[in-house]
Amino acid sequence: MRFLAKIANIVWKDLVAEFRTKEMISAMLIFSVLVIIVFAFAFDPVGETVRAVSPGIIWVAFTFSGILGLNRSFVNEKQNETLLGLMLAPVDRTAIFFGKVITNFILMVITEAISLPVFFVLFDFRMEGSLLQLLLVIFLGTLGFVSIGTFLAALSANVRTSEILLPIILFPVLVPVIIGAVESTATIFNQGAFEQIVGWVKLLAVYDVIFLVVPFILFDYVLEV
Amino acid sequence: MLQPSKSHQLLGWITFVLVLVALYMSFIYAPIERVMGYVQKIFYFHVASAWNAFFAFFIVFIASIIYLITRNMRWDTIAKVSAEIGVVFTTIVLVTGPIWGRAAWNTWWTWEPRLTTTLILWFIYLAYVLIRASGMETQKKATLAAVFGIIGFIDVPIVFFAIKWWGAKAHPLVFGESGGGIHPQMLHALIASVIAFTFLYFYMLQKGILIEQAEERLKKIKETLRAKSH
Amino acid sequence: MVKTIGSKTVLKDINLHIEPGEFVSVLGPNGAGKTTLLKVLTLLTPPSEGQVYIAGQKITGNPLALRKKMGVISHNTFLYGNLTAYENLLFYGRMYDVPNVRQRIKEVIAEVGLQYSLNDPVRTFSRGMQQRLAIARAIIHDPDILFLDEPYTGLDQHAIGILNQVLLNLTNQNRTIYMITHNFEQGLHMSDRIIILVSGRIVYEASSKSLSLEELQDIYLKLVGES
């Protein structure tokens with residue numbers, strides 16, 4: 001339980017610091033909406049194309065804006081070497097990982113909760129599929145993105161050009177999440193039966209588990225000094 | 001000491017002979033494919049390169065794990081060299097694939113699962129090479145690269161299944177290069193070519209390790225000289 | 001104890017015993033391995049060969065329990081700029097499982113004289129104030145062993161006074177202090193023992209009571225010049 005309390009403490013610290021300046025969350029939100037608007041210009045927002053491309057637009061907006069947050073999550077800890085301060089503290093290093101995963105997850109969910117309705121409004125998109133299923137897919141997709149993303153952000157934070165490196169090393173590894181999330185979102189929008197997305201949901205769940213467990217094992221190595 | 005060892009030279013000669021045999025079997029021994037003609041010959045090298053690419057990344061994965069456990073820089077060198085060889089062979093697969101595709105299905109690129117997975121694999125290991133190319137102290141770099149080597153390799157099967165399911169829906173499978181009625185002589189040529197390429201891989205791996213060792217020695221000599229000049 | 005990084009041996013045959021309650025100062029030129037030795041002692045990196053015992057325990061045994069007994073003051077403050085002084089202390093207090101953390105914050109904040117800036121974000125603090133808060137942060141869990149990494153770098157006169165007072169208090173409570181420095185003016189008069197580290201070896205070790213500052217400086221320059 002002490003382990004969980006310390007994770008909560010790290011999340012508390014990150015969220016208090018973030019919401020004092022709102023640096024990350026505002027950038028993520030604005031960027032997410034901007035991506036949607038750019039796509040509105042790229043594809044005709046009133047034609048039949050909308051239905052076909054909307055799942056892609058949504059997930060590109062989510063993941064691209066998510067990268068902004070991930071980029072800062074460990075780089076911020078390099079100021080005043082606070083990461084070293086965390087590593088000196090009597091807590092298992094993986095608490096740092098899980099704390100950061102939860103913080104990034106919360107920031108992503110806030111971004112999504114605001115930009116998704118914005119997308120519906122701007123594209124005059126009538127949501128017809130199951131909202132519950134959509135939430136499940138968004139939850140699993142976001143968790144997968146955040147878990148491997150947080151891990152690779154910690155990895156790339158060691159490099160001076162981490163902000164350039166992170167997207168390049170993250171997106172190839174992320175391919176299964178993107179495919180799974182986009183495909184199942186598309187099926188939901190087309191009012192497909194749950195059976196049609198079960199395979200994808202399982203894939204996302206397996207991915208989430210693998211990339212929460214593997215970083216758990218490897219995180220010590222990434223933080224090594 | 002920097003002279004290549006006897007065994008390395010021997011391996012070189014064996015590889016040379018095996019490659020000659022593979023060339024003979026691919027171009028002369030195996031019959032010419034009826035529909036595609038000579039272009040089909042690319043198949044032997046395409047498949048053998050793909051085998052080498054995946055094998056090289058498997059070695060990266062294993063060497064990375066052993067490095068993290070033992071912290072012996074030798075394993076880091078093996079992972080590094082193997083990844084570089086892997087990128088080269090993946091590139092060959094990605095170049096020969098479209099040439100084959102153009103002749104076989106009249107299209108340069110098809111989002112066929114194996115080819116697409118290879119493309120993603122290529123990006124994953126480019127990322128690996130980029131991590132290695134970033135400025136960090138040697139040991140830190142070795143550790144981070146090893147971590148990514150493991151992550152990347154674990155990801156590949158998931159990528160493959162995701163792409164397979166995705167492709168099955170959007171693009172019906174038309175591909176079956178090793179399936180069904182392959183001519184026995186073609187199969188012999190393929191096996192010869194895979195064996196030759198495997199030897200080529202090990203030869204390149206040894207060569208790469210020798211180069212790394214030479215660079216390491218050069219660095220040490222430079223350091224001693226610098227210390228002496230003070 | 002030996003530490004190698006890659007093909008380089010950074011620390012060679014380090015054999016060091018520190019008594020509880022002792023104040024040890026380590027001097028040495030850049031690249032002598034002082035920081036690496038500190039990293040080994042603060043459990044940030046394992047030794048390549050040999051054993052390290054802290055408080056009678058092997059460092060590989062229960063690192064979390066050992067970390068709880070250690071405090072570190074470095075020239076980096078380990079403070080979050082966007083959090084207030086209070087939030088910073090609360091965060092670290094909880095990380096170290098400090099009982100009655102709110103009460104303890106009041107004590108340490110008074111010790112470094114920042115009680116009137118408790119609720120201001122740390123980024124609005126001057127360098128000296130941040131350093132003082134860093135001292136409070138390092139002693140919030142009342143550590144048995146305090147590690148100091150060039151603590152006097154960038155301190156103003158006021159902060160130096162506070163740091164000296166804190167160190168004096170800890171020495172009086174029989175706490176162990178291990179300090180890396182290359183500042184001959186500060187801190188050495190309080191230490192019990194002085195160690196000089198050159199090229200990864202302990203080349204000199206003496207009780208500091210037995211020699212004057214000038215003598216020490218001469219010895220230091222001679223040793224560093226030789227290598």
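Predicted model: local features only at pLDDT ≥ 70, side-chain atom pairs only at ≥ 80, totals over all residues.

**Chain C as a whole**

Let us begin with the overall build. Chain C holds 7 helices and 10 strands. Its C-alpha atoms fill a box of roughly 50 × 40 × 30 Å along the principal axes. For 227 residues, a compact globule would have a radius of gyration near 17 Å, and the 18 Å of chain C agrees with that. Of these 227 residues, 43% count as buried. Among the contacts in chain C with a separation of 6 or more, 70% join residues 24 or more positions apart.

**The open sheet**

Six strands come together here: E6-E7-E8-E3-E9-E10 of chain C is the order of an open sheet of 6 strands with mixed pairing. E6 and E10 (201-207) of chain C stand at the edges with a single partner strand each, so one side of each lacks a neighbour in the sheet. From one strand to the next, the twist averages 15 degrees.

| Strand pair | Sense | Bridges | Residues facing each other |
|---|---|---|---|
| E6(C) and E7(C) | parallel | 5 bridges | Met70(C) and Ile145(C) |
| E9(C) and E10(C) | antiparallel | 6 bridges | Ile195(C) and Glu205(C) |

Two helices pack on this sheet. Helix H1 (residues 34-41) of chain C touches E3, E7, E8 and E9 of chain C, and its direction makes about 155 degrees with that of E7(C). Helix H5(C) touches E6 and E7 of chain C, and its direction makes about 165 degrees with that of E6(C).

**Helix H3 of chain C**

Helix H3(C) deserves a visit of its own. This helix is mostly covered, with 10 of its 11 residues buried. The buried residues include Leu89(C), Leu90(C), Phe91(C) and Tyr92(C), along with Glu87(C) and Arg94(C). What do the buried residues of H3(C) pack against? Their partners are H4 (101-111) and H5 (127-139) of chain C, together with helix H1 (2-21) of chain A. Just after H3(C), Asp97(C) takes a positive phi of about 55 degrees.

**Where the chains meet**

That packing leads on to the contacts between chains. 23 residues of chain C are in contact with 20 residues of chain A. Helix H2 (63-68) and helix H3 (85-95) of chain C each supply at least two residues of this side of chain C, and H3(C) gives the most, with 4 residues. By type, this side of chain C divides into 11 nonpolar, 6 polar and 6 charged residues.

Chain A also meets chain B: 24 residues of chain A are in contact with 27 residues of chain B. On the side of chain A that touches chain B, the elements giving two or more residues are H7 (162-189) and H8 (194-223) of chain A. H7(A) gives the most, with 10 residues. This side of chain A divides into 17 nonpolar, 4 polar and 3 charged residues.

Note on methods
Residues numbered from 1 in each chain as written. Chains lettered and ligands numbered in written order. Contact = placed C-beta atoms within 7 Å. Nonpolar A, V, L, I, M, F, W, Y, C, P; charged D, E, K, R; others polar. Rg over C-alpha atoms; globule rule 2.2 N^0.38 Å. Buried ≥ 20, exposed ≤ 12 C-beta atoms within 10 Å, placed from the backbone. Pairing = 2+ DSSP bridges. Axes fitted to C-alpha atoms, helices over the stretch in contact; angles between N-to-C directions.
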